[in-house]
Amino acid sequence: MRQFDWKRFRMMLLWTYGNNKGNLLRMGIVMTIAFFLCEEFMAGVMFVNSGYGDFDFVGGIMLSFCVMMGLTCFNFGASTMFACTRHRRQATAFLMHPASNMEKYLSRWIYVTVGWGVVITLAFFAADCIRMMFNTVMGWSPTSSILSMLAAGPMFHDPGLMWFISSLPADTVANIVLMVTAMMWTHSFYILGSAFFRRHAFLLTTIVLMFIQMALAMTAATVDYEDPSIAMVVTARYTAAVFILVLTIFNYWASYRLFIRTNVINNKWINI
């Protein structure tokens, strides 16, 4: 097994970027259009039709829908992590690269995580700027950015944002930590799905994820909940967050093990 080499890893990163910059550009254009349409639609529903309401509320709704759309696209990017092994020519070029398996894996992980994350963020701000210019020309409202609308709310005024963060209840902070770890696990699960399914990875992984969620919901419905204290709730949520982190690490490990077993000629739907 080859040892990790930073120079070779840097060359692998450049090779990955050079072969996928067209995909990033196309996805950036598509996401910019999608964010623009989402912002305009939500602004029309929440602001124009209801008159001149609270800008911070409208901005929060627009941002919420954009975040959901961005996370969906982010997970779709994770499901394409091993798309370069789907076709024989691409798989041959990728697998025959002189970089080690770990260097190839990390370069693809950076591509679907950092690369897609940066493109989605830039697409959001580009769409916001286009919406402001478009609404200004058309004479529609709002003509300010989403972030400035949020800044107009009471959260960013006296006593200030830091006071708001520090005053969050312990169970709310635990909920935020649990939600972040759940998003990390979901992203790693789509990476595992990309390594496991050779065709339609995003669709099939989403179906499996839906079955997992239904199973968890039915299991939770059978549990007889008592009236727990706040300390018990916080402890349980942090424990769940640690457990989810362990599952996230397992997903990465399993996806790597499946990746190193990838063959150029494989007509099966799954990579085992």
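The side chains of Glu103 and Arg8 meet in a salt bridge, with 2.8 Å from N to O, where a salt bridge is a side-chain nitrogen of Lys or Arg within 4 Å of a carboxyl oxygen of Asp or Glu. This pair links distant parts of the chain, since Glu103 lies in helix α4 (residues 101-138) and Arg8 in helix α1 (residues 6-48), 95 residues apart. The model is a predicted one, in which local features need pLDDT of at least 70 and side-chain atom pairs count only at pLDDT 80 or more, while totals for chains, interfaces and linings use all residues. Residues are numbered from 1 along each chain as its sequence is written, and side-chain values use heavy atoms, with hydrogens and water left out.

The protein chain holds nine helices and zero strands; both are DSSP runs numbered from the N terminus, helices being H or I with at least four residues and strands E with at least two. Of its 272 residues, 35% count as buried, a word that means under 20% relative accessible area, whereas exposed means over 50% and partly exposed lies in between, for a 1.4 Å probe and protein chains only.

The structure holds three salt bridges, listed here.

| Salt bridge | N to O distance |
|---|---|
| Glu103 and Arg8 | 2.8 Å |
| Arg131 and Glu39 | 2.7 Å |
| Arg131 and Asp128 | 2.6 Å |

Glu103 is buried, at 0% relative accessibility, whereas Arg8 is partly exposed, with a relative accessible area of 23%. The side chains of Arg131 and Glu39 also meet in a salt bridge. Arg131 lies in helix α4 and Glu39 in helix α1, so this pair ties together parts that are 92 residues apart in sequence. Arg131 and Asp128, by contrast, are three residues apart in helix α4, and are therefore separated by about one helical turn. Arg131 has a relative accessible area of 0% and is buried, and Asp128 is buried as well, at 4%. Together, Glu39, Asp128 and Arg131 are linked in a network of salt bridges.

A cavity is a set of points on a 1 Å grid over the protein atoms alone where a 1.4 Å probe fits but cannot get out, and lining residues have an atom within 4 Å of a point. The count comes to one cavity of 30 Å³ or more, and about 40 Å³ of space lies in the largest cavity. Among the residues that line the largest cavity are Phe82, Arg86, Ser194 and Asn271.

Note on methods. 1 Å grid on protein atoms, 1.4 Å probe; cavity = no way out; pocket = protein on both sides within 12 Å on 5 of 7 lines; lining within 4 Å. Points joined across faces, edges and corners; volume = space filled by probe spheres on them.
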